[in-house]
Structures are given as structure tokens and as C-alpha cells.
Amino acid sequence: MSSDAIRITRAANKKDKPKDKDLAFGNVFTDHMFVADFQEEKGWYDPRVEPYGPFPLDPATAVLHYGQSLFEGLKAFRGANGTIRLFRPQKHVERLNRTATRMTIPQLDPELILRSWTTLVDVDRDWVPSSVGTSLYIRPTIIASEPFLGVRPAKEYLYYVILSPVGPYYPEGLAPTKIKVIDNYVRAVAGGLGEAKTSANYAASLYAAEEAKHEGFTQVLWLDGVHRKYIDEVGTMNIMVKIGDEIITPPLTGTILPGVTRDSTLALLRKWGLTVSERQVSIDEVVEAHGRGTLEEVWGTGTAAVISPVGELAYKGKKMVINGGRIGPLTQRLYDSIVAIQYGQAPDPDGWTLTI
Ligand SMILES: Cc1ncc(COP(=O)(O)O)c(C=O)c1O
């Protein structure tokens with residue numbers, strides 16, 4: 001279907017656009033969306049851009065009962081001269097199709113996925129905000145749309161893409177977060193869905209995250225589901241800790257999402273000649289390092305916030321303040337370096353951005 005023409009139906013009425021300074025995260029949507037359908041006998045068909053709007057869904061629609069779905073999240077950035085760039089879209093295409101396989105959802109042609117994003121962003125290009133720190137969030141989604149009760153893969157699917165102009169993910173911006181390390185709930189176990197970008201993982205995370213928020217924390221740090229000992233992810237971000245000269249991040253062993261920002265961060269750190277380990281790191285090792293004064297920096301990586309400094313970790317009632325609760329120099333350098341590439345303010349030697 002990659003050679004199919006994408007049909008474009010433009011919205012008759014355009015919505016008012018928010019001012020850059022009023023942008024929050026995920027509460028405003030643009031004028032158009034991309035849609036394609038799947039039926040067993042036809043494959044994926046009728047790729048189209050149409051006015052943003054609700055879908056009529058039969059109450060028996062499979063996704064509403066069994067959660068067979070996936071999504072992605074990437075961003076378009078407007079540079080100073082107006083150029084619009086996607087950040088590492090190819091990586092998101094690959095992850096979308098990997099999640100599809102895990103969720104027994106039929107894969108889409110990679111070229112069509114990419115064209116769905118570039119075409120839609122182009123149609124709604126006036127919606128890409130321009131202040132640094134703002135961007136147009138792209139949310140591709142697939143849902144099992146067959147009206148059917150019974151646990152088996154659906155025979156019909158809906159692929160759609162919506163766009164949302166966004167400001168900072170955390171209202172506090174790049175301010176260091178307060179994180180609760182939890183061992184009474186787990187997010188994922190190896191062999192489960194942890195490495196797939198599917199709604200079930202987020203549903204599984206809500207209760208623990210709400211509990212932590214009520215206690216005054218920004219998010220939780222998940223430990224592994226078996227030993228409840230090794231650090232996994234922080235909220236919906238990958239985690240990195242700097243202990244002495246070593247930067248450590250958990251390996252991709254099936255429980256954590258293979259983050260595109262994680263991959264970009266590791267590439268930069270290696271390019272800068274720093275010592276990077278993808279290895280298990282126990283919470284006890286982190287506590288000990290803090291005790292010795294060698295836990296220098298901790299940060300999360302993810303599309304929404306890019307790099308998010310952790311200023312405080314709480315574990316078993318003990319509070320560990322990191323770098324005096326301030327953003328560390330390496331965390332700041334990573335944030336600045338990635339943001340500069342995203343907005344076209346720095347060279348992009350590895351071709352991470354795609355201009356639209
Ligand atoms: C659970 C989880 N981990 C990590 C990430 C970071 O991934 P990426 O850098 O691709 O945005 C995300 C999503 O953004 C996520 O939802």
C-alpha cells in the first residue's frame with residue numbers, strides 16, 4: 001500500500017491556535033488527523049488526511065475490552081528560520097512495527113508510516129509552535145477496531161495519527177524532579193509487555209504514580225519485577241545514573257522501552273569519550289554511591305521532556321538529594337546538545353532530523 005495516494009480532505013473550519021506561552025502538554029489538537037483502515041481481506045487501505053474528529057465505535061470494539069493497541073510519540077520542531085524537523089522518525093517507525101508484532105497487530109509499510117507523519121505535519125504546519133521548548137507532538141495509534149467479544153487478535157484495525165502543539169511536559173520545566181523508588185508495585189517483567197509501547201503498560205503504572213504524587217513526588221522509579229532490586233525506568237522515561245566517572249543505564253532486556261532519546265543520549269556520551277555501561281544497577285548500589293558521595297547525577301530520557309534531571313530519590317523512607325537538588329553539568333550538556341540538534345541550532349552529523 002506504500003504507493004497508494006494519500007487522500008486529503010481539508011477542514012472547513014480552522015480552530016484558534018494557542019499562544020506559545022500558554023502551551024501545556026497534550027490538551028490541544030490540530031485541525032486534521034491521518035487515518036487508515038485494516039481488514040483481513042484488504043490489508044491496510046484508504047490512507048487519508050481528514051478533519052480532526054471523533055470515531056463512532058461499537059460498544060463491542062475489541063480494543064475497549066482487551067486493550068489490543070499500540071502507540072508512538074515523536075515531535076516536530078520549528079527552527080529559527082522556520083524549518084520544520086522531525087527527530088529520528090525512522091527509529092519511531094521501527095519501534096511502531098516492533099510493538100505491532102508483539103501485540104499481534106499487522107505491521108504497516110514503514111514508508112507509509114513515515115509518509116503519514118510528514119504529510120499530516122505538512123498539512124498542519126502552521127500549528128508547529130516556534131519558541132524553543134515548544135514543539136508539535138505526533139501521536140500515531142493503532143486500535144483493534146473489530147466489534148467482537150472473545151480473546152483473540154482482531155481482524156480489523158484502525159491506524160490514526162493526531163497532532164498536539166505542546167510546551168514543557170513537566171510544569172516545572174527542566175527543574176529537578178522528586179522521585180519515589182517503589183518496590184510494592186511493578187511495571188513489567190521480562191517476557192511481558194514492558195518493551196512494547198502499548199496502553200496496558202501505562203494502565204499498569206497509574207496507581208503507583210498517583211500514590212507517589214499524593215505523597216508529593218513527581219514520579220516513581222520502577223524496580224525490576226522479579227527481584228525488586230534493579231532499577232528499570234523512571235515514570236515514562238528511561239533512567240541514567242552517573243556514579244563517579246561511569247554513566248550507567250539498564251540494558252534492553254525486555255522490561256523497559258527502548259527509548260529513542262536513550263539511544264541518542266548514549267550515542268552522544270560515547271562520542272564525547274565518556275564511560276557508558278548498559279548494565280543492571282541495583283538500588284543498593286545507588287544508595288551506597290550516594291553514601292560515598294559518588295552519585296553525581298541522575299536523569300531521565302524521553303521524547304516528552306528530552307532530559308529530566310532527578311534532584312531527589314526517596315527509598316524506604318530515606319531521602320537522597322542529588323547534586324544539591326540542582327541540575328548537574330552533564331545533564332545540562334545533554335539537554336542543550338539534543339535540543340540544539342532538534343531546533344537546527346547545531347550540526348546534525350548523524351542525520352537524526354528529517355526536514356519537512
Ligand atoms: C515507558 C517509557 N519509557 C521510556 C520512554 C522514552 O522513550 P523515547 O525516548 O523514545 O520517547 C517512554 C516514552 O516516551 C515511555 O513511555
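This is a predicted model: local features need pLDDT of at least 70, side-chain atom pairs count only at pLDDT 80 or more; totals for chains, interfaces and linings use all residues.
Two strands count as paired if DSSP finds at least two bridges between them, and strands themselves are DSSP runs of E with at least two residues, numbered from the N terminus, just like helices (H or I, at least four residues). With that in hand, strand 2 (residues 32-39) turns out to be joined to strand 8 (residues 156-166) by six bridges, the two running antiparallel. Residues are numbered from 1 along each chain as its sequence is written, and side-chain values use heavy atoms, with hydrogens and water left out.

Strand 2 also runs antiparallel to strand 3 (residues 43-51), with seven bridges joining them. Seven of the eight residues in strand 2 are buried (under 20% relative accessible area; exposed is over 50%, partly exposed in between; 1.4 Å probe, protein chains only).

Now for the charges. The structure holds 19 salt bridges (a side-chain nitrogen of Lys or Arg within 4 Å of a carboxyl oxygen of Asp or Glu). In one of them, Asp263 and Arg88 meet at 2.7 Å, N to O. That pair links distant parts of the chain, 175 residues apart: Asp263 sits in helix 5 (residues 260-271), and Arg88 in the loop between strand 6 (84-87) and helix 2 (89-102). Arg88 counts as buried because its relative accessibility is 11%, whereas Asp263, at 29%, counts as partly exposed.
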